[in-house]
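Visitor: I would like to learn how to read a structure like this one feature by feature. Could we take the general idea of each feature, and then the case at hand?

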Amino acid sequence: MSMRSPESTEKAKRYICEQLRSHGVEMFCSPILIDQMAEQSQTVGSFATIDLIFLIKAHSETNFANWPKGPKKPDQFRRHPLNGLWKAHTVPLSLGDFARNLFNEIGQKWFENKLNRFFADHNGETMNEHLARKLAHLAVIQGLTNRGKRNNLTSGHWLIFSETSCGVIFLCIAHHNEDDSQIFDRVNEAAAVFPNIEFSFS
């Protein structure tokens, strides 16, 4: 439930619309998406979603060639009922986002090898501030850097969009912990605002 006042949410919404309009993409964004960004602007940050919209528009015609290092490249849902739709992660912003990336990276083979080498090199030593810093650098800095180099930095939510004959239409934000049917209901509601556009998922 949002803790924002109606006035601050409306102010955030006006700002978001101004940014989208100035880049010529407001007409490609559903009102549901804009409302979601306004509601989440204080806790998640609308800048990351706005930047992601601009990035997708810039790269969609080349099938996301030259996608910048860091955030995961957009890809399509594979399972019914969301198959045909596209999803893109925003850049991680919250502490939880970064923790999720680190936990995922710790399971990688490179990390296991580096960790084993670290403990072998310092076998028998007492943990001190210097060793703690080296271990933190290995786990945090190298972990996040490696995920970024592999375009595998992810957040806990997606921007969902659809490629159509009229261009990319940005529909809504969805979260990893949501059921596909919940997301699909929101997508259908967002798509209904564009009655003259044929969507591949409907």
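This is a predicted model: local features need pLDDT of at least 70, side-chain atom pairs count only at pLDDT 80 or more; totals for chains, interfaces and linings use all residues.

Visitor: Which residue meets glutamate 26 in a salt bridge?

Guide: The partner of glutamate 26 is arginine 21, with 2.8 Å from N to O.

Visitor: Which parts of the chain does the pair of aspartate 180 and arginine 79 link?

Guide: Aspartate 180 and arginine 79 form a salt bridge whose closest N and O atoms are 3.0 Å apart. The pair links distant parts of the chain, since aspartate 180 belongs to helix α7 (residues 180-191), whereas arginine 79 sits in the loop between β1 and β2, and 101 residues separate the two.

Visitor: Are aspartate 180 and arginine 79 buried or exposed?

Guide: Aspartate 180 has a relative accessibility of 19% and therefore counts as buried, being under the 20% limit. Arginine 79, at 59%, counts as exposed, the limit for that class being over 50%.

Visitor: What is the N to O distance in the salt bridge of glutamate 178 and arginine 186, and are these two residues buried or exposed?

Guide: The side chains of glutamate 178 and arginine 186 meet at 2.4 Å, N to O, and both residues are buried.

Visitor: Let us turn to the backbone. Which peptide bond is cis?

Guide: For a peptide bond the angle to read is omega, and in the bond that joins histidine 80 and proline 81, which is cis, omega is about 10°. Proline 81 is found in the loop between β1 (75-76) and β2 (86-89), and arginine 79, the salt-bridge partner of aspartate 180, is placed in the loop between β1 and β2 as well.

Visitor: Where does phenylalanine 64 lie, and what is its phi?

Guide: Phenylalanine 64 lies in the loop between α3 (46-59) and β1, and its phi is near 65°, a positive value in a residue other than glycine. Asparagine 66 is also found in the loop between α3 and β1, and although asparagine 66 is not a glycine, its phi is positive too, at about 60°.

Visitor: Are phenylalanine 64 and asparagine 66 buried or exposed?

Guide: Phenylalanine 64, with a relative accessibility of 1%, counts as buried, whereas asparagine 66, with a relative accessible area of 71%, is exposed.

Visitor: Now the strands: in which sense do β3 and β4 pair, and how many residues of β4 are buried?

Guide: Strand β3 (residues 157-164) pairs with β4 in the antiparallel sense over eight bridges, and the two form a hairpin with two residues between them. Within this pairing, glutamate 163 stands opposite valine 168 in β4. Strand β4 (residues 167-175) is mostly covered, with seven of its nine residues buried.

How values were computed
Residues are numbered from 1 along each chain as its sequence is written. Side-chain values use heavy atoms; hydrogens and water are left out. Helices (H or I, at least four residues) and strands (E, at least two) are DSSP runs, numbered from the N terminus. Buried means under 20% relative accessible area, exposed over 50%, partly exposed in between (1.4 Å probe, protein chains only). A salt bridge is a side-chain nitrogen of Lys or Arg within 4 Å of a carboxyl oxygen of Asp or Glu. Two strands pair if DSSP finds at least two bridges between them.
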